[in-house]
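This report covers strand pairing, helix packing, charged pairs and backbone geometry, in that order. The sequence and model are shown first.

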Amino acid sequence: MSNKNTPKRFVILISGRGSNMQSIVKMAKSRDDMEIAAVISHKSNSAGLVWAAEQGIATSELLHKSFASREAYDEALRDLVQSYQPDYVILAGFMRILTNVFIDPFAGKLVNIHPSLLPSFTGLDTHERALAEGVKVHGCTVHFVTPVLDEGPIIAQAIVPVLDGDDADMLAARVLSMEHQVYPAVIDYLTRDLLSVEGKTVVYKEAVKTRFVHAEL
């Protein structure tokens with residue numbers, strides 16, 4: 001783990017194109033207090049992994065199909081991630097449910113972004129479900145990961161309008177545009193040691209922006 005005199009090290013886990021990963025990497029390039037130690041994907045030939053390698057970042061594929069059980073995969077993933085000695089592990093579109101085998105060693109250091117305003121619409125198909133329920137606002141949530149899916153302490157949220165005529169793809173694109181704002185902001189807070197977890201609550205050491213609002217609201 002790094003101290004105050006060395007850059008914070010981040011390992012980012014992705015599944016596909018890694019657009020949130022890219023927004024974080026672009027921020028890191030302009031700073032000397034943070035380092036993207038590695039990008040890891042559980043799928044082969046991920047577009048995001050190709051992009052990360054082009055940026056000179058260490059990359060790895062750890063294919064879940066190669067393992068007999070979810071726990072066996074999580075054990076291998078844990079060991080791989082730990083080999084990079086990260087201060088934080090960032091889930092950026094990592095489409096696997098992690099078990100305690102992986103989560104427990106990174107307690108308070110594992111962060112995810114979920115495409116809904118938690119605690120609403122945990123799990124999958126969040127945009128379709130939001131439209132089906134007729135909600136008027138939607139968004140995304142950055143939170144610490146705990147063993148209970150999508151129920152970890154909330155760090156920050158971004159809010160978007162649900163507009164007449166929206167379909168799931170249109171709503172998803174609007175949410176994604178805000179994800180690219182809120183996630184780098186939270187990574188900045190982590191880099192500067194501005195927050196911590198106490199029980200189920202995030203404690204902020206100074207006032208920071210935790211609610212991001214789309215321009216159309």
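## Strands β1 and β4 and their sheet

Strands β1 (residues 8–14) and β4 (residues 88–91) run parallel and are joined by four bridges. I12 has I90 of β4 as its bridge partner. Strands are taken as paired if DSSP finds at least two bridges between them; helices (H or I, at least four residues) and strands (E, at least two) are DSSP runs numbered from the N terminus. The model is predicted, with local features requiring pLDDT of at least 70 and side-chain atom pairs counted only at pLDDT 80 or more, while totals for chains, interfaces and linings use all residues. Residues are numbered from 1 along each chain as its sequence is written, and side-chain values use heavy atoms, with hydrogens and water left out.

Both strands belong to an open sheet of eight strands with mixed pairing, in the order β3-β2-β1-β4-β5-β6-β7-β10. Its edge strands, β3 (59–61) and β10 (211–213), each pair on one side only. On average, neighbouring strands of the sheet are turned by 20 degrees against each other, direction ignored. Helix α1 (residues 19–29) packs on this sheet and touches β1, β2 (34–41), β4 and β5 (110–114); contact means heavy atoms within 4.5 Å. The direction of α1 makes about 155 degrees with that of β2. Axes here are lines fitted to C-alpha atoms, for helices over the stretch in contact, and angles run from 0 to 180 degrees between N-to-C directions.

## The β8-β9 hairpin

Strands β8 (residues 195–198) and β9 (residues 201–204) run antiparallel and are joined by four bridges. They form a hairpin with two residues between them. E198 stands opposite T201 of β9. In the turn, G199 has a positive phi of about 65 degrees.

## Helix α3

Helix α3 (residues 70–82) has 13 residues and spans 18 Å from its first C-alpha to its last, close to the expected 18 Å. The expected span is 1.5 Å times one less than the number of residues. The buried residues of α3 are Y73, D74, L77, R78 and V81. Because these buried residues fall within an arc of 140 degrees seen down the axis of α3, they line one face of the helix. The arc is that of the directions from the helix axis to the C-beta atoms. Buried means under 20% relative accessible area, exposed over 50%, and partly exposed in between (1.4 Å probe, protein chains only). The cover over the buried residues of α3 includes β1, β2, β4 and α4 (100–103).

R78 also forms a salt bridge with E75, at 3.8 Å from N to O. A salt bridge is a side-chain nitrogen of Lys or Arg within 4 Å of a carboxyl oxygen of Asp or Glu. R78 and E75 both lie in α3, three residues apart, about one turn of the helix. E75 is partly exposed, with a relative accessible area of 40%.

## Salt bridges around R31

The structure holds eight salt bridges. Salt bridges with shared partners join R31, D33, D188 and R192 into one network. R31 forms a salt bridge with D33, with the closest N and O atoms 2.9 Å apart, and another with D188, with the closest N and O atoms 2.7 Å apart. D188 lies in helix α6 (residues 168–191) and R31 in the loop between α1 and β2, so this pair ties together parts 157 residues apart in sequence.

R31 is partly exposed at 22% relative accessibility, and D33 is partly exposed at 26%. D188 is buried, at 15% relative accessible area.

## Loops and backbone geometry

The peptide bond from L118 to P119 is cis, with omega near 15 degrees. P119 is in the loop between β5 and α5 (126–133).

N45 is a residue other than glycine with a positive phi, near 60 degrees. It lies in the loop between β2 and α2 (47–54) and is exposed, with a relative accessible area of 67%. D150, also not a glycine, has a positive phi of about 60 degrees. D150 is in the loop between β6 and β7 and is buried, at 9% relative accessible area.

V148 lies in the loop between β6 (137–144) and β7 (154–161). V148 is partly exposed at 45% relative accessible area. The C-alpha atoms of V148 and N100 are separated by 9.6 Å, with the two residues 48 apart along the chain.
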